[in-house]
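Here's a quick briefing to read with the structure open beside you. Take the topics one at a time and find each residue as you go.

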Amino acid sequence: MLIEHPEYLIHRQWMNRALDLAQIAGDAGEVPVGAVIVDPHGNLIAEGENRKEREKDPTAHAEILALRSAAKSLHSWRLNQCTLYVTLEPCPMCAGAIVQARIAMLVYGVDDTKTGAVRTVINIPDGAASNHRLKVMGGILESTCRQQLQTWFAIRRQKSNGQR
């Protein structure tokens, strides 16, 4: 019997919350991505889900909305003791915002092979222009995060093909 490390169990707990938020986004017609920000004591500070379509805002990604909410909650843009959980590897805009917010640790579910800007396509956090280094952990609930996205896109393609 494999006993999971307590830290991994905590990461799974918060990633499950991010998956719940992603489901809300997907049900509303958004790409299903959810994000959660937690303080060093394990308290939920902020959360967000994609809202680009609903808000008609190209910056309304789950991570950006969570970062904005956390900064307001903590009365500081410096989130240097917080952990950000997100279901999909951040894009360049979100990776830049994560660095700017001084997030201590990023935990994400699945790599984004098209626009991933943390490990997969480019690496903004470790780039020469980055003025902040953060811990990064990918692959938490990876298959669940991948399946959620694949199912949403498959249904969307099916609806699109059926309407022609």
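Two residues are in contact here when they have heavy atoms within 4.5 Å. With that in hand, look at Ile 103: setting aside neighbours within four places in sequence, Ile 103 is in contact with Leu 67, Leu 79, Cys 82, Leu 84, Ile 98, His 132 and Leu 134. Keep in mind that this is a predicted model.

**The nonpolar core**

- The largest nonpolar core has 43 residues, and Ile 103 is one of those that touch the most other members, along with Met 15, Ile 37, Leu 67, Leu 79 and Leu 106.

- Is E1 mostly covered or mostly open? It's covered, with 5 of its 5 residues buried.
- In a regular strand, side chains alternate between the two faces of the sheet.
- You can follow that here: Gly 34, Val 36 and Val 38 point one way from E1, while Ala 35 and Ile 37 point the other way, and all are buried.
- E1 pairs with E2 in the antiparallel sense over 5 bridges, and 4 bridges join E1 to E3, again running antiparallel.
- Val 38 shows both pairings: its bridge partner in E2 is Leu 44, and its bridge partner in E3 is Thr 83.
- E1 and E2 make a hairpin with 5 residues between them, and Gly 42 in the turn has a positive phi of about 85 degrees.

**The annotated binding site**

- An unreviewed UniProt entry puts the feature "binding site" at His 61, Cys 91 and Cys 94.
- These residues are spread over 34 residues of sequence, yet they cluster in space, with a largest C-alpha distance of 9.3 Å.
- Of these residues, His 61 and Cys 91 are included in the lining of the largest pocket.
- Where does His 61 sit? Look in the loop between helix H2 (52–55) and helix H3 (62–74).
- His 61 counts as buried because its relative accessibility is 15%, and the cut-off for buried is under 20%.
- Not counting residues up to four places away in sequence, His 61 touches Asn 50, Lys 52, Cys 91, Met 93 and Cys 94.
- Cys 94 lies in helix H4 (residues 92–100), and at 0% relative accessibility Cys 94 counts as buried too.
- Leaving out neighbours within four places in sequence, Cys 94 is in contact with His 61, Glu 63 and Ile 64.

Methods. Residues numbered from 1 in each chain as written. Predicted model: local features only at pLDDT ≥ 70, side-chain atom pairs only at ≥ 80, totals over all residues. Heavy atoms only, no water. UniProt positions renumbered as here; feature names shortened; annotations may be inferred. 1 Å grid on protein atoms, 1.4 Å probe; cavity = no way out; pocket = protein on both sides within 12 Å on 5 of 7 lines; lining within 4 Å. Helix = DSSP H or I, 4+ residues; strand = E, 2+ residues; numbered from the N terminus. Buried < 20%, exposed > 50% of the residue type's maximum accessible area, 1.4 Å probe, protein only. Core = buried A, V, L, I, M, F, W, Y, C linked by side-chain atoms within 4.5 Å. Pairing = 2+ DSSP bridges.
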